[in-house]
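Me: I would like to go through the terms used for this model and check each one against its cut-off. Please give the value, then the rule, then the conclusion.

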Amino acid sequence: SSLLPYTKYKFSISAKNDVGSSARSPVVICQTSESVPGVVKYVTTETMDPPSATILITWSTPDPPNGEIKEYKITWGQVRHSQTEEITVVGSTHNYLFKNLFSNTAYTFIV
């Protein structure tokens, strides 16, 4: 079907035969189920005080959200190392402050 996830729809029904159509039923409102969220498209980083030891990462809501976002997972690590770490933040949050980072070190962040 072509219904979108996590979307409200209104329905009413009438019957039809060779003689004519019936009156419409009362309107029924329903909502489709949640689905996998879209991609988080806008991720930004900003160096905070103390300089080069703290980075604020900010992101947008997935497009489309396809439901209530319960949490975000942020994978991060130093670019020169293949090892990464993952943290989880609540779905109402759209930023996270990374502290105690090494100066003059490149990091990668994935939301």
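**Terms and values**

Reply: Ser14 has a relative accessibility of 34% and so counts as partly exposed. The model is predicted, with local features needing pLDDT of at least 70 and side-chain atom pairs pLDDT 80 or more, while totals for chains, interfaces and linings use all residues. Residues are numbered from 1 along each chain as its sequence is written, and side-chain values use heavy atoms, without hydrogens and water.

Me: Why is Ser14 called partly exposed?

Reply: Buried means under 20% relative accessible area and exposed means over 50%, with partly exposed in between (1.4 Å probe, protein chains only). The 34% of Ser14 therefore puts it in the partly exposed class.

Me: Where is Ser14 found, and which residues is Ser14 in contact with, leaving aside its neighbours within four places in sequence?

Reply: Ser14 is in the loop between β1 (8-11) and β2; strands here are DSSP runs of E with at least two residues, numbered from the N terminus. With those neighbours left aside, its contacts (heavy atoms within 4.5 Å) are Ser22, Ala23 and Arg24. Arg24 is 10 residues from Ser14 along the chain, and their C-alpha atoms are separated by 4.6 Å.

Me: What makes the contact between Asp63 and Lys41 a salt bridge?

Reply: The rule asks for a side-chain nitrogen of Lys or Arg within 4 Å of a carboxyl oxygen of Asp or Glu. Asp63 and Lys41 have an N to O distance of 3.7 Å, so the pair qualifies. Asp63 lies in the loop between β4 and β5 (71-78) and Lys41 in the loop between β2 (28-31) and β3, so the pair ties together parts that are 22 residues apart in sequence.

Me: Are Asp63 and Lys41 exposed or partly exposed?

Reply: Asp63 is partly exposed, at 47% relative accessible area. Lys41, at 52%, counts as exposed.

Me: How many salt bridges does this rule give?

Reply: The count is three. Among them are Lys70 with Glu68, at 3.6 Å from N to O, and Glu71 with Lys73, whose closest N and O atoms are 3.3 Å apart. Lys70 is exposed at 55%, as is Glu68 at 52%. Glu71 counts as partly exposed at 42%, and Lys73 likewise at 40%.

Me: Which strands are called edge strands, and why?

Reply: The open sheet has three strands in the order β3-β4-β7, with antiparallel pairing. Its edge strands are β3 and β7, each pairing on one side only. Neighbouring strands of this sheet are turned by 20 degrees against each other on average, direction ignored; the axes are lines fitted to C-alpha atoms, and angles run from 0 to 180 degrees between N-to-C directions.

Me: Why is strand β4 called mostly covered?

Reply: Five of the six residues of β4 (residues 54-59) are buried.

Methods
Helix = DSSP H or I, 4+ residues; strand = E, 2+ residues; numbered from the N terminus. Pairing = 2+ DSSP bridges.
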